[in-house]
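Please look through the sequence and the three-dimensional structure shown here before reading on. The briefing then takes up a few features in turn.

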Amino acid sequence: MSASFLFSQFMGGLTAAMFLFLIASGLSLIFGVLRVLNFAHGSFYMLGAYIAWQIVQWVTVSFPGHFWLAALGAALGVAILGGVIERCLFRFLYDRAELYQLLFTYALVLILGDAAKFAWGTQQLSVSRPEIMNGGLQVLGATVPYYNLFIILIGPAIALAVWLMLTRSPVGRLVRAAALDREMLSALGANVGWIYTGMFMLSALLAGLAGALVTPIQSIVPGMDVEIIVQAFIVVVIGGLGSFWGTFWGSMLYGQVLSFGILIFPGFSLFSVFALMAVILIIRPWGLFGRPIR
Amino acid sequence: MSRLWGRIPWTLVIFLIVLWVPWLGSRYDTFIATQILIYALFALSLNLLLGVTGLVSFGHVAYFGVGAYLCGILTKTLGVPFLIAFPAAGIGAGLFALVFGFFCVRLTKIYFAMLTLAFSQIVWAICFKWNDVTGGDQGLPEVPFPDLDWMAALPGFDHFRIAEKFFFVTLVIVALCVAALRRLGDSPFGRVLTTIRENPERAAFIGVNVRAYELAAFTVAGIFAGFSGALFGIFNRGVFADYVFWSKSADVMIMTILGGMDFFWGPALGAAVITILNQQITAYTEYWPFVLGTILVLLLFGFPGGILGALDSLARRLRNRAGA
């Protein structure tokens, strides 16, 4: 195996990892605050992809920057949808058992999946890469497309932004307080309801953005929602649910195991990821970066 | 009134009624009845965890799948007779549940749910990828029916095809399993499980080994799920990796909650309602998931106790009004 082959394998894993990170970070964020696994997160991702495609159709390809407009519109559209769902329905389930919250998010998966099928049909859709991203960079004899480089850079950038917001800003302090003790924070005069709505929207925004950004690389198909949620789930379980950097390193690990697992056990790369999750769950059920659960 | 209600041996009554389906109904009715019986057993096994013990297992389909694959591999690939393959499928599923449960019961609440989900996805990945044994994404088609030719000798059975004969096998097995589950729920063991559901800390204080009981419940539920899976693989003429996908765990949970998880018969009722609705609605539209999702939302917001829960509170209200 040559160095350039290994390097391109590594870069492929890194690109996949950064996509997963964009998605999984939203999932982990919601879990950290609401303590619920949001199955509908994959549906938000799928809707992001479809909305981006739709906007590209509307504004036509000749319009400069149409792709970025579509990505922005998809992210905002999905965030608004998430906010509406949280305000109108989900918030009434917070004081109910986890089971009902889990099943509600599953109901969203069913409804949104069919709604997308109804609106956009079942055929594969795709979006072309933005023009400035054509071509690639020659590194160690391997070609890395500019778009992949862009994804590899935007992943950590968003990670850093969210992390700074959560740990260094007054809003972040409120969010962390809401995760620790909702009632006490509410008694202190903070509007906990809107903090939750805001976090739900931020999480949906990340999912919608990831869905829009993935369209130049993957075609949009029904079923991409349940497929991605499983991968995001594995990532957050490996990294530790609710742990932000855990999600980051979890996606890095996932991307590389998937990418190099193909070389070691061809046909079993999917299995190697699940095996990794199983081992981590057995040794550290709370994940690599999570804290033990009371 | 309600004491009399409680004394009726419902398992026997339902068994005797459902027994007549192949004679009185069409072939299609028998087909639907078989499917309902199998799903009812699956949902009832889940409710041993969900309703009785209060454990939210989001990966129950793993044991259904293990049972289905084990029975399918034993009868189709290895040619083992059904009489041996069927118990083996239940025991195999139980062993999986024992091993996975050992790790799961160390966690509680949402973490328990997620670990069970993770294990079920591991089972799915194995079923999906292990081509040599499970057939991978092709699955195991043409799982054989058990040898039921002897049934033709029974009076009134001579004109039945194999599918109707298998209905009787399913009915007898499911009735026995349901009777066992019912007995288990009313036993001291079942009472301890309910105590754990109501208050795990207090259960621990009075000397109950909570984890051991939870693990026992998890294993027993796994065995019965394995039985239902084994029946389903034969009924459906094949076992495919789709059956083990996590969304199936949610589907069986919807059945359980729709019927009412606080009632023994709730999951069975839910299985019947969902199966019949599915058949009716898919005849008109391909958007069955949308309908199911909408039912689920209405259920969660309007009738969290399920159908039996709603009927129960209605009956109580009527009785209060009559009393006043």
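Predicted model: local features only at pLDDT ≥ 70, side-chain atom pairs only at ≥ 80, totals over all residues.

Residues are numbered from 1 along each chain as its sequence is written, while chains are lettered from A and ligands numbered from 1 in the order in which they are written.

**Chain B as a whole**

- Chain B holds 16 helices and 2 strands, where helices (H or I, at least four residues) and strands (E, at least two) are DSSP runs numbered from the N terminus.
- The radius of gyration of chain B is 20 Å, close to the 20 Å that the globule rule gives for 324 residues, so chain B is as compact as a globular protein of that length; the radius is taken over C-alpha atoms, and the rule is 2.2 Å times the number of residues to the power 0.38.
- Of the 324 residues in chain B, 47% are buried, a term that requires 20 or more other C-beta atoms, placed from the backbone, within 10 Å of the residue's own.

**The largest nonpolar core**

- The largest nonpolar core has 199 residues, and those with the most contacts inside it are I23(A), A52(A), L103(A), A40(B) and L41(B); such a core is a set of buried Ala, Val, Leu, Ile, Met, Phe, Trp, Tyr and Cys residues joined through C-beta atoms within 7 Å.
- Helix α1 (residues 3-34) of chain A gives the largest share of this core, 17 residues.
- Beyond its neighbours within four places in sequence, A52(A) is in contact (C-beta atoms, placed from the backbone, within 7 Å) with residues including A70(A), V127(A) and G211(A).

**G290(A)**

- G290(A) lies in the segment after α11 (269-283) of chain A, and it is buried, with 22 other C-beta atoms within 10 Å.
- Not counting residues up to four places away in sequence, G290(A) touches G240(A), L241(A), G242(A), S243(A) and G246(A).

**Helices α13(B) and α16(B)**

- The axes of α13 (residues 246-259) and α16 (residues 306-323) of chain B come within 3 Å and cross at roughly 10 degrees, with axes being lines fitted to C-alpha atoms over the stretch in contact and angles running from 0 to 180 degrees between N-to-C directions.
- That makes α13(B) roughly parallel to α16(B), a description for angles under 35 degrees.
- I257(B), L258(B) and G259(B) in α13(B) meet G306(B), I307(B) and L308(B) in α16(B).

Technical notes: Buried ≥ 20, exposed ≤ 12 C-beta atoms within 10 Å, placed from the backbone. Contact = placed C-beta atoms within 7 Å. Parallel < 35°, antiparallel > 145°, perpendicular 65-115°, else oblique.
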